[in-house]
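This briefing goes through one protein structure by topic, for use beside the sequence and the coordinates. Please have both open while reading.

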Amino acid sequence: MDNKDDISKKDDLSEILSMNKNRITDSDDAPTQIKRAGKNKEDPYSFGSSTVQSDGEDIDDSELHDIDFEEADEMPEEETDESKAVEEAERQLKKQNQRRKSVLQVILGVVISAAVIFLGANIGITLLNAVLDYTGLNSSEFEVVIEIPENPTLDQVAEVLESNGIITDTKFFKMYVESKEKEFDFVGGQFTVSSAMNYGTILSTLQASKTVRTTVEVTIIEGMTAIEVGELLEENFVCRAEDFVKYYREKMDVYDFERRVLQSSLKFNQLEGYLFPDKYEFYVVNKLRDDPKADIDTSKEAEVAAKKIYSNFNSKITKTMYKQMNEMGLTLDELITLASMVQSEVGDPEDMQKVASVFLNRLHNSETFPQLQSDVTYFYVRDFIEPYYDDYDLAVSLQTISDAYDTYVAVGVPAGAICNPGLDAINAVLNPAETDYYYFCADEETGVTYYARTIEEHEANLAYIESIRQSA
């Protein structure tokens, strides 16, 4: 654009503002003060400068955004009227951008239709997906925090973007990156990206920060509850415990295993049991580390942490394990719930298989043994449901939920897991010892577990443990 055109367009803009100013000033209902006109946010679908029409002339929206606005209370009334006119002009610009997006989508449709006719349906659909991917013109727009590993390869970056729904074709994305003359040096970290971003914006976002992030290694121990995991993450400045809650309170509907998890009003935490115990490396939230009492929202960091943990669980449960579970007539919820009880009762893998056999024997002989009668479920109700019930807006009463977990009240497998079990406990349920035990009890001081076939044997074991305590 040359200088003459530039001056002409500014003159046209002044004329529009003058006309609007006169129209507002002449009105009897004109407000005495007009708030500062705000600038529109950048349109992610923009492919060039926006324009508005003024007597057949185009006005570049970038010129509107170069105008300097002062605060309304420091301006004469006539200047605030002018700012209102500019606000109206910017609303017209926004409509223009939306119209341009619609026109572009129509043009894309025509191009793809032609491709389908001349090149075939498969190629046409592939081309459509590639163009939508490249431009960011997806059917739905959402924002998500992604985590790129340290010193990532292009393949790793593309996989992270695809798994989070930001791109749909890793091959096309990699072709685009490799076709650029610039060599992209990706770095690890957490980045906020949108499905509406085109490839160029995605690359700019991933290149925007070269700041070295501090990491911390966090170990989730077998038997920890979801509440304890949240507290552990906060202690290590990964996120706030209260922000982590929503990512185990409800399903995320991201991973394959979640399709097998049943949403139930009786389950206190829907994903309790699926926070897989393991060592994890997370990024530290510096503001939280510097001031643990700071009022900051760490929801995005909590989401990233939850996804890393659930992704690990998803990879640990194999097809063979699912097959075993189905052959035993167990749902995934029942498997993990039983495993959580086994994990809470004993720590030795051999004892885990025996305790699992007790629970399964009772389930198979439910007429005689309708309840599993495990003390650890009562403790979970006491320590991790009752103290937190009022924090949740639940439609089900505390008593109803408590009874659904307490295996001295509930019939069969309780409503949900009572902790997050490790692989030893899960495999113990899938591969229990072959016994005819229906009871067990443990000496908490020695760690020895005693098993019994009948109530008489069980009571004799309890009496023996008590005699050892008294003689000690």
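Phe237 is partly exposed, because its relative accessible area of 26% falls between the limits for buried (under 20%) and exposed (over 50%), taken with a 1.4 Å probe and protein chains only. The model is predicted, so local features need pLDDT of at least 70 and side-chain atom pairs count only at pLDDT 80 or more, while totals for chains, interfaces and linings use all residues. Residues are numbered from 1 along each chain as its sequence is written, and side-chain values use heavy atoms, with hydrogens and water left out.

**Residues with positive phi**

- Phe237 lies in the loop between helix 8 (226–235) and helix 9 (241–244), and has a positive phi of about 60° although it is not a glycine.
- Most residues other than glycine have a negative phi.
- Gln373, in the loop between helix 15 and helix 16, is not a glycine and has a positive phi of about 55°.
- With a relative accessible area of 36%, Gln373 is partly exposed.

**The chain as a whole**

- The protein chain has 19 helices and eight strands; these are DSSP runs numbered from the N terminus, with helices being H or I of at least four residues and strands being E of at least two.
- Of the 472 residues in the protein chain, 44% are buried.
- The accessible surface of the protein chain comes to about 25800 Å², of which carbon and sulfur atoms hold 48%, as computed by the Shrake-Rupley method with a 1.4 Å probe.
- When contacts (heavy atoms within 4.5 Å) are taken between residues at least 6 apart in sequence, 71% of them join residues at least 24 apart.

- Helix 12 (residues 299–316) has 18 residues and should span 26 Å at 1.5 Å a residue, which agrees with the 26 Å between its end C-alpha atoms; the expected span is 1.5 Å times one less than the number of residues.
- Among the buried residues of helix 12 are Val304, Ile309, Tyr310 and Phe313, together with Glu303 and Lys307.
- Val177, placed in helix 6 (residues 170–179), is buried, with a relative accessible area of 7%.
- Not counting residues up to four places away in sequence, Val177 touches Leu154, Phe184 and Leu203.
- Val177 and Tyr199 are 22 residues apart in sequence, and their C-alpha atoms are 8.5 Å apart in space.

**The hairpin of strands 7 and 8**

- Strand 7 (residues 439–442) runs antiparallel to strand 8, and four bridges join the two; strands count as paired if DSSP finds at least two bridges between them.
- Six residues lie between strand 7 and strand 8 in this hairpin, and Gly447 in the turn has a positive phi of about 80°.
- Phe440 stands opposite Tyr451 in strand 8.
- Strand 8 (residues 449–452) is covered on both faces, with Thr449 and Tyr451 buried on one side and Tyr450 and Ala452 buried on the other.

**The largest pocket**

- The largest pocket holds about 620 Å³ of space.
- Of its 28 lining residues, Glu345, Asp375, Phe440, Cys441 and Ala442 are the closest to the centre of the largest pocket.
- Helix 14 (332–345), helix 15 (349–364), helix 16 (375–385), strand 7 and helix 19 (455–471) each supply at least two residues of the lining, and helix 19 gives the most, with five residues.
- A pocket here is an open set of points on a 1 Å grid over the protein atoms alone, where a 1.4 Å probe fits, with protein on both sides within 12 Å along at least five of seven lines, and lining residues have an atom within 4 Å of a point.

Key. Points joined across faces, edges and corners; volume = space filled by probe spheres on them.
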